[in-house]
Amino acid sequence: MLRWVLLLAMAFGLVKGVQSGWVDVHWNRMLHDLGVPFVPDPDAPGSGPIPSRKT
């Protein structure tokens, strides 16, 4: 039961952080890293090609 409460509290905090602007999610970079094919919005600022990162 305590695990569910902690999981819900973390999810609530993450959602509120995204809404408040404390957490900035770069969806196009995340989807690219996951290998999901997508077409970025050409009108969005900074929606150019994602630079490759050397690991």
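What percentage of the 55 residues of the chain count as buried? The share is 4%. The model is a predicted one, and the chain holds two helices and zero strands.

**Overall surface**
- The chain has an accessible surface of about 5,400 Å².
- Carbon and sulfur atoms account for 67% of that accessible surface.

**Helices**
- From its first C-alpha to its last, α1 reaches 27 Å with 19 residues, which is close to the 27 Å expected at 1.5 Å a residue.

**Nonpolar patch**
- The patch is formed by L14, V18, W22, V23, V25, W27, M30, L34 and V36.
- Together these residues have about 910 Å² of accessible area.
- With three residues, α2 gives the most to the patch.
- In an α-helix there are 3.6 residues a turn, so residues three or four places apart point the same way.

**V18**
- V18 is one of the patch residues and lies in helix α1.
- V18 counts as partly exposed because its relative accessibility is 40%, and partly exposed is the class between under 20% (buried) and over 50% (exposed).

Notes: Residues numbered from 1 in each chain as written. Predicted model: local features only at pLDDT ≥ 70, side-chain atom pairs only at ≥ 80, totals over all residues. Heavy atoms only, no water. Patch = residues over 30% accessible without salt bridge, like charges linked within 9 Å, V, L, I, M, F, W, Y side chains within 5 Å. Areas by Shrake-Rupley, 256 points an atom, 1.4 Å probe, with all protein chains shown as cover. Salt bridge = Lys/Arg side-chain N within 4 Å of Asp/Glu carboxyl O. Helix = DSSP H or I, 4+ residues; strand = E, 2+ residues; numbered from the N terminus. Buried < 20%, exposed > 50% of the residue type's maximum accessible area, 1.4 Å probe, protein only. Expected span 1.5 Å × (residues − 1).
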